[in-house]
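Subject: Structure handover

Hi,

Here is the structure I promised. Please look it over, then read my notes below.

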Amino acid sequence: MSEFEFDFAKGDFTIVDGKARKISGVEMLKNKVEKLLRTEFEKYPVYDQYGMPFYGWFAGQRDRDLIKIAMTREITERVPEYIEGVRQVFDFNFEFEHRGCRVSFKVKTDYSDNEEMISQWIAF
């Protein structure tokens, strides 16, 4: 199984020699997880029941422990549900800044015997 790589920093598919770059395995999985984490739940009609619901929850929220609990729960439940090949999500770390946080976590996958680290900035 493979799919086309999306470069979120550029907002477009990665093009190599005039063609969209295909990715598979762990690389594809990380691209899919980033897409899921960047997609706000029910914001885009094309993504019915897809994405993360926590974006609107944290506006003005100062209780970092509450944010950690909510994000851990949602990511732990949704990543394996929406991303085929993810068996387990665990070992969360949060780095808070003024308008959001970087959440990092590990996943066990069907694509590798190694644990893969995922890290994503979440803006509030």
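What share of the contacts in the protein with a separation of 6 or more comes from residues 24 or more positions apart? The share is 35%, with contact meaning heavy atoms within 4.5 Å.

The model is predicted: local features need pLDDT of at least 70, side-chain atom pairs need 80 or more, and totals for chains, interfaces and linings use all residues. Numbering starts from 1 along each chain as its sequence is written, and side-chain values use heavy atoms, without hydrogens or water.

**Fold.** The protein has two helices and nine strands. These are DSSP runs, numbered from the N terminus: helices are H or I, at least four residues, and strands are E, at least two. Their order is β-β-β-β-β-β-α-α-β-β-β. The C-alpha trace spans about 45 × 30 × 25 Å along its principal axes.

**Core.** Of the 124 residues, 40% are buried (under 20% relative accessible area, 1.4 Å probe, protein chains only). The largest nonpolar core holds 26 residues. Such a core joins buried Ala, Val, Leu, Ile, Met, Phe, Trp, Tyr and Cys through side-chain atoms within 4.5 Å. Met71, Ile75 and Phe105 have the most contacts inside it. Leaving aside neighbours within four places in sequence, Ile75 touches Leu37, Met52, Phe54, Pro80, Val89, Phe92, Val103 and Phe105.

**Surface.** The protein exposes about 7800 Å² (Shrake-Rupley, 1.4 Å probe). Carbon and sulfur atoms supply 45% of that area.

Best wishes

How values were computed
Buried < 20%, exposed > 50% of the residue type's maximum accessible area, 1.4 Å probe, protein only.
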